[in-house]
Amino acid sequence: MEAVDAARALLGLEVGLILCCVGAAGDCTVSVSQPPVLEADDAQGAVTMPCSFSTVGCPAEPPSSLWFRYGTHRTETLCMDGCTSEADKFTVRKVLAQNQVSLTVNRLTPNDSAIYICGLALPSSEDPRAKQAGAGTVLVVRGARGPGKALRGLLAALLALLSVYVVAVLGIFIILTRSKFNTPRNKEKEDSQKKRSARRIFQEIAQELYNKRHVGTSQQPEKDNTYENRTALDNYERP
């Protein structure tokens with residue numbers, strides 16, 4: 001951390017010397033603020049570092065902005081030509097209505113980890129306070145920790161197959177549960193029908209036996225009367 005602070009102080013001195021060459025005349029105060037730390041993943045592709053400023057007693061003119069990068073081995077001045085194209089490695093944007101400028105680092109890699117300092121100056125003012133630099137933003141770019149695209153695609157495919165398998169198993173379970181639930185009911189229904197059929201057959205047999213017995217009892221008196229009539233007739237005809 002002490003090395004970072006020393007680097008910031010050294011870079012701030014260099015930035016101050018450069019900004020002194022930008023201004024010309026006037027009397028105003030410029031304040032610059034930056035986020036101290038910004039972390040990013042190189043899978044993002046790009047990262048934007050904001051830089052806010054305010055002015056007091058300064059002429060109504062857009063400030064000039066400069067960006068500096070203090071890396072491991074060297075200090076770089078970025079975007080001297082403006083860096084307005086997104087095809088460039090760096091892109092600078094100004095939103096003067098919100099008193100803000102920003103630096104976007106494109107095609108992000110872990111090698112872009114460094115201290116980025118935003119410097120602002122009012123060209124028409126020679127007051128030293130009209131040329132200020134921020135405390136710097138420490139950008140930390142980490143390599144991708146997660147699986148690669150191919151592995152992520154494979155995991156997504158496996159997850160889809162697993163989902164289909166789970167749905168199929170649930171469907172089979174529901175069907176088996178319903179069949180087990182319906183089997184006792186069907187068995188009870190069949191038993192009930194069998195009992196009713198046996199009862200009906202028993203009733204029919206009993207009715208047939210009753211009818212036969214009733215017919216036999218009713219025919220016996222008729223036979224006895226016929227025999228008596230014939231005996232009486234024979235006695236009457238005999239001399």
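**Labels and their cut-offs**

Mentor: Start with Leu170, whose place is in helix 2. Helices (H or I, at least four residues) and strands (E, at least two) are DSSP runs, numbered from the N terminus. One caution: this is a predicted model, where local features need pLDDT of at least 70, side-chain atom pairs count only at pLDDT 80 or more, and totals for chains, interfaces and linings use all residues. Residues are numbered from 1 along each chain as its sequence is written, and side-chain values use heavy atoms, with hydrogens and water left out.

Trainee: How many helices and strands does the protein chain have?

Mentor: The protein chain has 2 helices and 10 strands. Along the sequence, the pattern runs α-β-β-β-β-β-β-β-β-β-β-α.

Trainee: What makes Leu170 part of a nonpolar patch on the surface?

Mentor: Patches take residues with over 30% relative accessible area and no salt bridge; nonpolar side chains (Val, Leu, Ile, Met, Phe, Trp, Tyr) are joined within 5 Å, like charges within 9 Å. Leu170 forms such a patch with Leu159, Leu162, Tyr165, Val166 and Val169. Together they have about 590 Å² of accessible area. Accessible areas come from the Shrake-Rupley method with a 1.4 Å probe, and for residues only the protein chains shown count as cover.

Trainee: Which residues form the positive surface patch?

Mentor: Lys195, Arg196, Arg199 and Arg200 form that patch. Lys and Arg count as positive and Asp and Glu as negative, while His and the chain ends are not counted. The place of a charge is taken as NZ of Lys, CZ of Arg, CG of Asp or CD of Glu. Lys195 is found in helix 2, residues 149-237.

Trainee: Is Lys195 buried or exposed, and how do you know?

Mentor: Buried means under 20% relative accessible area, exposed over 50%, partly exposed in between (1.4 Å probe, protein chains only). Lys195 has 58% relative accessibility, so Lys195 counts as exposed. Thr84 has 69%, so Thr84 is exposed by that rule too. Thr84 is found in the loop between strand 5 (75-78) and strand 6 (90-95). Over the protein chain, buried residues make up 23% of the 239 residues.

Trainee: Why is the pair Cys28 and Cys58 called a disulfide?

Mentor: A disulfide is a covalent bond between the sulfur atoms of two cysteines. Here the rule is a pair of cysteine sulfur atoms within 2.5 Å. The sulfur atoms of Cys28 and Cys58 are 2.5 Å apart, and the pair forms a disulfide. Cys28 lies in the loop between helix 1 (2-20) and strand 1 (29-33), and Cys58 in the loop between strand 3 (46-56) and strand 4 (64-70), so the pair ties together parts that are 30 residues apart in sequence. The link is right-handed, with 90° about the S-S bond.

Trainee: How many disulfides does the rule give?

Mentor: The count comes to 2 disulfides. Cys51 and Cys118 form a disulfide, with their sulfur atoms 2.1 Å apart. Cys51 lies in strand 3 and Cys118 in strand 8 (residues 114-121), so this pair ties together parts that are 67 residues apart in sequence.

Trainee: Why is the disulfide of Cys51 and Cys118 called left-handed?

Mentor: The torsion about its S-S bond is about -80°, so the disulfide is left-handed. Cys51 has a relative accessible area of 0%, so Cys51 is buried. Cys118 is at 0% too, so Cys118 counts as buried.

Trainee: What makes Glu39 and Arg142 a salt bridge?

Mentor: Side chains of opposite charge can pair when their charged atoms come close. The cut-off is a side-chain nitrogen of Lys or Arg within 4 Å of a carboxyl oxygen of Asp or Glu. Glu39 and Arg142 meet at 2.9 Å, N to O, in a salt bridge. Glu39 lies in strand 2 (residues 37-41) and Arg142 in strand 10 (residues 137-142), so the pair ties together parts that are 103 residues apart in sequence. Arg142 is at 31% relative accessibility, so Arg142 counts as partly exposed.

Trainee: How many salt bridges does the structure hold?

Mentor: The structure holds 4 salt bridges. Among them, Asp112 and Arg69 meet at 3.3 Å. Lys89 and Asp112 meet at 2.9 Å.

Trainee: Is Asp112 buried or exposed?

Mentor: Its relative accessible area is 4%, so Asp112 is buried. Salt bridges that share partners join Arg69, Glu76, Lys89 and Asp112 into one network.
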